[in-house]
Amino acid sequence: AWVGLLAILVYSPIGWNFYLGQYYVFLLFLLTLAVYCFERRRASTGGFLCGATFGLKVYGAPFLLYCTAKRDWKAVGGFLLAVAVSVLTAIALFGWADVQFFAAHILSRALDSGTIDPYNSGNQTLTTLFRQLFISDPDLNPHPLWSAPYLAFFLQALTTLSVLLVALLAFVRQPGKGVSYDFSWFTVAVLLVSTNTATYTFVLLFLPLMVWFRNASLARRILLVG
């Protein structure tokens, strides 16, 4: 009943996934399957699924840090194997020249939010916030709070590293919470520092919500629904 209720409440990101032809529902499936494998001590398979997620979307890259912080070398190996398979598949489909161009130009811009309007408040990311506050643009942002581009780039790097490190240190210092609990919080951290988000992106939060639901009291479940 709770799963059905949450699925109804997140109809917007799920609906936009199918309406726009996105595949975040499939990424949700891969991450859920990864948690399933980690809980059953199939670390290599879980790491491979995380690596496959990275092969499809850059959101999966930080999960290599997760596996490394856990010192789960089988998971790290599975992750790297999936990345290698993804790269070889891309080369077979598109050719080496296109893959090299993507890595050198498109991917670097995507990591710096260059694939979207960096001042659009609809893109609810920390990068957009810092650009609106500190980087001026004659057309898109003529009146920032303070024209200090260096501060925007510094804060972007600082917050990205801080959020990921805090998430990693939290479960390293308290390993008794369980792998699914740690993985869920790290998923939230990854979405928080992402430079590109849209309505359909947040369907990935369905996984941590369901993990937290499992052993939560009724009051906490109501809070999570809110």
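**Exercise 1. Which helices each supply at least two residues of the lining of the second largest cavity?**

Solution. Start with the ground rules. This is a predicted model, where local features need pLDDT of at least 70, side-chain atom pairs count only at pLDDT 80 or more, and totals for chains, interfaces and linings use all residues. Residues are numbered from 1 along each chain as its sequence is written, and side-chain values use heavy atoms, with hydrogens and water left out.

Step 1. A cavity is a set of points on a 1 Å grid over the protein atoms alone where a 1.4 Å probe fits but cannot get out; lining residues have an atom within 4 Å of a point. Helices are DSSP runs (H or I, at least four residues), numbered from the N terminus.

Step 2. List the lining: Leu126, Thr127, Gln156, Thr159, Thr160, Val193 and Thr195.

Step 3. Assign the elements. α8 (126–134) and α9 (149–173) each give at least two residues. The largest share, 3 residues, comes from α9.

**Exercise 2. Describe the largest cavity and sort its lining by class.**

Solution. 

Step 1. Count the cavities. There are 2 of 30 Å³ or more. The largest holds about 60 Å³.

Step 2. Read its lining: Leu27, Leu31, Thr53, Tyr59, Gly60, Phe63, Thr187, Val190, Leu191 and Leu204. α10 gives the most, with 3 residues.

Step 3. Sort. Ala, Val, Leu, Ile, Met, Phe, Trp, Tyr, Cys and Pro count as nonpolar, Asp, Glu, Lys and Arg as charged, and the others, Gly among them, as polar. For the second largest cavity, the classes are 2 nonpolar, 5 polar and no charged.

**Exercise 3. Which residues touch the most other members of the largest nonpolar core?**

Solution. 

Step 1. Define the core: buried Ala, Val, Leu, Ile, Met, Phe, Trp, Tyr and Cys residues joined through side-chain atoms within 4.5 Å. Buried means under 20% relative accessible area (1.4 Å probe, protein chains only).

Step 2. Name the residues. Among 41 members, Phe63, Phe183 and Phe186 touch the most others. The largest share of this core, 9 residues, comes from α3.

Step 3. Follow Phe186. Beyond its neighbours within four places in sequence, its contacts (heavy atoms within 4.5 Å) include Phe63, Tyr66, Leu164 and Phe171.

Technical notes: 1 Å grid on protein atoms, 1.4 Å probe; cavity = no way out; pocket = protein on both sides within 12 Å on 5 of 7 lines; lining within 4 Å. Points joined across faces, edges and corners; volume = space filled by probe spheres on them. Buried < 20%, exposed > 50% of the residue type's maximum accessible area, 1.4 Å probe, protein only.
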